[in-house]
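Here's a quick tour for anyone opening this structure for the first time. Have a look around, then come back for the highlights.

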Amino acid sequence: MAGSALAAGVLAVAATLSLGLAAVGGAAVTAQRAAGAADAAALAVADAASGAVPTDGQPCELGARVARASDAVLTGCVLRGFVATVEVQAAYAGLAAVSRARAGPPEG
């Protein structure tokens with residue numbers, strides 16, 4: 001009987017740890033997805049502003065479409081000259097992962 005209780009306890013701890021690790025892993029993947037979406041959106045906005053990528057709308061609208069393609073939402077977009085700074089948000093299990101990126105020509 002004591003062995004069964006010990007086995008049940010070990011199983012419960014292992015299951016709890018597994019669920020916790022899965023949640024942490026999912027959050028890490030979402031954070032990386034948000035970072036990738038922010039990078040891609042910033043590049044799209046900067047390229048549209050410079051004319052390297054033709055677009056019918058505003059450069060930030062293109063950035064929003066690029067972010068949506070990565071299952072993220074563009075929450076901020078600032079364009080100064082050809083330098084774009086964007087903020088992107090992605091969700092996982094009700095939590096938000098926010099990432100910012102900047103793109104444009106090299107300084108100097």
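In the hairpin of β1 and β2, which residue takes a positive phi? That's G81, with a phi near 65 degrees, in a hairpin that leaves two residues between its strands. Keep in mind that this is a predicted model. Its pLDDT averages 89 over the protein, and 98% of the residues score at least 70.

**Confidence by element**

- Among the elements of the protein, β1 comes out with the highest mean pLDDT, at 96, while α1 has the lowest, at 86.

**The sheet**

- Three strands make up an open sheet, lined up as β1-β2-β3 with antiparallel pairing.
- The edges belong to β1 and β3; each has a single partner strand, so one side of each goes without a neighbour in the sheet.
- From one strand to the next, the twist averages 10 degrees.
- Seven bridges join β1 and β2, which pair in the antiparallel sense.

**How the helices sit**

- Helix α1 packs on the sheet and touches β1, β2 and β3. The direction of α1 makes about 155 degrees with that of β2.
- Helix α2 lies across β1 and β2, and runs at about 150 degrees to β1.
- Within α2, which spans residues 59–69, the buried residues are P59, L62, G63, A64 and A67.
- Cover for those buried residues of α2 comes from elements including α1 (2–50), β1 (73–80) and β2.
- After α2 comes D71, which has a positive phi near 60 degrees.

- A34 sits in helix α1, and with a relative accessible area of 1% it is buried.
- Setting aside residues up to four places away in sequence, A34 touches V88, A90, A97 and S99.
- How far apart are the C-alpha atoms of A34 and A90? They are separated by 5.6 Å, although the two residues are 56 residues apart along the chain.
- S99 is found in strand β3, which covers residues 95–103.
- Is S99 buried or exposed? S99 is buried, because its relative accessible area of 13% falls below the 20% cut-off.
- Beyond its neighbours within four places in sequence, S99 is in contact with A34, A35, A38, V86, E87 and V88.

**The salt bridge**

- Side chains of opposite charge can pair when their charged atoms come close.
- Searching the whole structure turns up one salt bridge. It links the side chains of E87 and R100, at 2.9 Å from N to O.
- Why does this pair tie together parts that are 13 residues apart in sequence? Because E87 lies in strand β2 (residues 83–92) and R100 lies in strand β3.
- E87 is partly exposed, with a relative accessible area of 24%, whereas R100 is exposed, at 60%.

Terms used. Residues are numbered from 1 along each chain as its sequence is written. This is a predicted model: local features need pLDDT of at least 70, side-chain atom pairs count only at pLDDT 80 or more; totals for chains, interfaces and linings use all residues. Side-chain values use heavy atoms; hydrogens and water are left out. Helices (H or I, at least four residues) and strands (E, at least two) are DSSP runs, numbered from the N terminus. Buried means under 20% relative accessible area, exposed over 50%, partly exposed in between (1.4 Å probe, protein chains only). Contact means heavy atoms within 4.5 Å. A salt bridge is a side-chain nitrogen of Lys or Arg within 4 Å of a carboxyl oxygen of Asp or Glu. Two strands pair if DSSP finds at least two bridges between them. pLDDT is the predictor's confidence in each residue, from 0 to 100. Axes are lines fitted to C-alpha atoms, for helices over the stretch in contact, and angles run from 0 to 180 degrees between N-to-C directions.
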